[in-house]
Amino acid sequence: MLRKVSGTSLLARWDPRYKIAALLALAFSFSAVSRIQTIPYMLGLLVVFWLLSGVPLAILGRRLRYPSLFIALVILMLLFAGRGDVLLTVGFLTITDSGLNRALLVAARFYSILILAMLFFAGTPLLTTIRALQALGMPYIITDMALLMARYVEVLHQDLRNLHRCMHLRGFRLRGWSLTSLQGVALMVANLLLRSFEQSQRVYLAMRLRGYGQADGLTPPLTATPAEGLFFVIVVGIALGLGWLG
Amino acid sequence: MTTTTPYVLQLSALSFSYPDTGRVLNDISMTIHAGERVGLIGPNGAGKTTLFLVAAGFFAPTAGTVELLGKPVVKGGFRPELGLVFQRTDDQLFCATVAEDVAFGPRNMGLSHEEVERRTLAALAAVGAEKLGERSTHQLSEGEKRIVSIAGVLAMRPEMIIFDEPSAGLDIRCRRRLIPLLQEAAPTVLVASHDLELILEVCTRVVLIDEGRIVADGCPRKVMGDEALMAAHGQEKPHSLVPHQLPHRH
């Protein structure tokens, strides 16, 4: 996530184990916020973390485009669905104070948690994050699967592109929902699935040959300074305070 | 071929069948001694890759035995003394970064982190890929992937390395870079390839296999120079062994 951001910022250099734990604490406290008056504190905290992360606003904005499409629909529904004092009427739709409150709360929670996750993991390589998850006790089978997915998603994408090009060169065109189009897509997907299955078997052989399953796996030591620990305690304290404000 | 040096790999009356096919390997007996560079040639479907997989302990032979450095190879066992470089590099490079991939084997051998790091750096240096350490494996060119695959096996310091079609998909320059690596990668190597010129350049002994049987075993120039034998088993005499009949044009 946000690979273009340099890994030299204070937040990027923070021990990933602390980062994951702090993010969870903050995410829980953000999701517990139920009063409009607490939203400015959340946003203030977000600005502090943004400054610590050094992530350019333009990159953040680009990353928020697609999640925004999803949340916009939910916010619209909440805005017009509440009961209470009518604030505004648009045709047959009315915006009430409770609807507005709920929409604001949901939007603030959603964006705060999402942006926080982006800021926390900007500049941290995926591998480091996965290693941190292992260090925090996540089962190896899950982290190994995450690593393999990260590795092979590119290969699958390349395979899909090649398959599509080959079909295109031999006259296949995707035309709406016609039977021929659907058959072509089904062939492509089935082919990709079969190839992936066969490749997964070959990869497993290669892994076994290099000792997969013999030792604990990929866990080089992660080191953290006392200052990083102290920062973690402060962040968790802030999260608890925010949860208390509610 | 010498019989006084100790053997590294010994296949005795080895046969193997997949559940849904006939015999893929048929009564194969072969001994590879320390320091030998053996080429394995034969047509597609001759059983070369299956032979490697049985030798590495992925499949249990239906008959016969496999011994590596005097100890039987058990199905599913981990024998770091034997390295295998697969034909498809994307199967071999399963970690996200080059350094992680090269470190994968040593880490599974239970070595200390310092030793793992030392071996990783040494293996990358041995193949001239020091600068690739932090690169993502999926971003490498095919030649780089091949080199890094070899580094991943070298880091385990095996007694013997098996290469399955090492020059497949490589351009002339990468192929040229590969040859000294094959010659010096490990004390003992077994190379399967359709690139007969490569076999001639790298190997001190060649084994011709067809329909799961060994049909010839000996000096590469002698075996591959036998036009009738090669043709009978779907092979061509390497170009460099054919005497020039026409003068070069200038």
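**View 1. Surroundings of B:I199 in chain B.** B:I199 counts as buried because 25 C-beta neighbours lie inside 10 Å. A residue is termed buried if 20 or more other C-beta atoms lie within 10 Å of its own, exposed if 12 or fewer, and partly exposed in between, with C-beta atoms placed from the backbone. The model shown is predicted, so that local features need pLDDT of at least 70 and side-chain atom pairs count only at pLDDT 80 or more, whereas totals for chains, interfaces and linings use all residues. Residues are numbered from 1 along each chain as its sequence is written, and chains are lettered from A and ligands numbered from 1 in the order in which they are written. B:I199 belongs to helix α7 (residues 196-202) of chain B; helices (H or I, at least four residues) and strands (E, at least two) are DSSP runs, numbered from the N terminus. Leaving aside residues up to four places away in sequence, B:I199 touches B:G39, B:I41, B:V191, B:S193, B:V206 and B:P220, where contact requires C-beta atoms, placed from the backbone, within 7 Å. A separation of 30 Å lies between the C-alpha atoms of B:I199 and B:T21, which are 178 residues apart along the chain.

View 2. The largest nonpolar core comprises 80 residues, and B:A55, B:V102, B:I150, B:A151, B:I161, B:V189 and B:V191 have the most contacts inside it. Such a core is a set of buried Ala, Val, Leu, Ile, Met, Phe, Trp, Tyr and Cys residues joined through C-beta atoms within 7 Å. Helix α5 (residues 142-154) of chain B gives the most to this core, namely six residues. Another core, of 22 residues, lies apart from the largest one and includes A:A22, A:L45, A:I115 and A:A239. In soluble globular proteins, nonpolar side chains tend to be buried together. What does B:V189 touch, not counting residues up to four places away in sequence? The partners of B:V189 are B:R37, B:M160, B:I161, B:F163 and B:L182.

**View 3. The two domains of chain B.** Chain B is divided into domain 1 (1-78 + 161-166 + 188-236) and domain 2 (82-157), with bounds that come from an automatic or database domain assignment. The centres of domain 1 of chain B and domain 2 of chain B, taken over C-alpha atoms, are separated by 25 Å. Nine residues from domain 1 of chain B and eight residues from domain 2 of chain B take part in the contact. On the side of domain 1 of chain B that touches domain 2 of chain B, strand β7 (residues 160-164) of chain B gives the most, with four residues. By class, that side of domain 1 of chain B has seven nonpolar, no polar and two charged residues. Ala, Val, Leu, Ile, Met, Phe, Trp, Tyr, Cys and Pro count as nonpolar, Asp, Glu, Lys and Arg as charged, and the others, Gly among them, as polar.

**View 4. An open sheet in chain B.** Four strands form an open sheet in the order β2-β1-β4-β5 (chain B), with antiparallel pairing. Because β2 (23-33) and β5 (71-72) of chain B stand at the edges, each with a single partner strand, one side of each is left without a neighbour in the sheet. Strand β4 (residues 63-68) of chain B pairs with β5(B) in the antiparallel sense over two bridges; pairing requires that DSSP finds at least two bridges between the strands. B:L68 stands opposite B:K71 in β5(B).

View 5. Most residues other than glycine have a negative phi. B:A13, in strand β1 (residues 7-17) of chain B, has a positive phi near 45° and is not a glycine. B:A13 counts as exposed because it has 12 C-beta neighbours inside 10 Å. B:E211 likewise is not a glycine and has a positive phi of about 50°; its place is in the loop between β9 (205-210) and β10 (213-218) of chain B. With 16 other C-beta atoms within 10 Å, B:E211 is partly exposed.

**View 6. The side of chain A that touches chain B.** In this interface, 23 residues of chain A are in contact with 26 residues of chain B. Helices α6 (126-135), α7 (140-169) and α8 (179-209) of chain A each supply at least two residues of the side of chain A that touches chain B. The largest share of that side, seven residues, comes from α8(A). The residues of the side of chain A that touches chain B comprise 16 nonpolar, three polar and four charged.

Key: Two residues are in contact if their C-beta atoms, placed from the backbone, lie within 7 Å.
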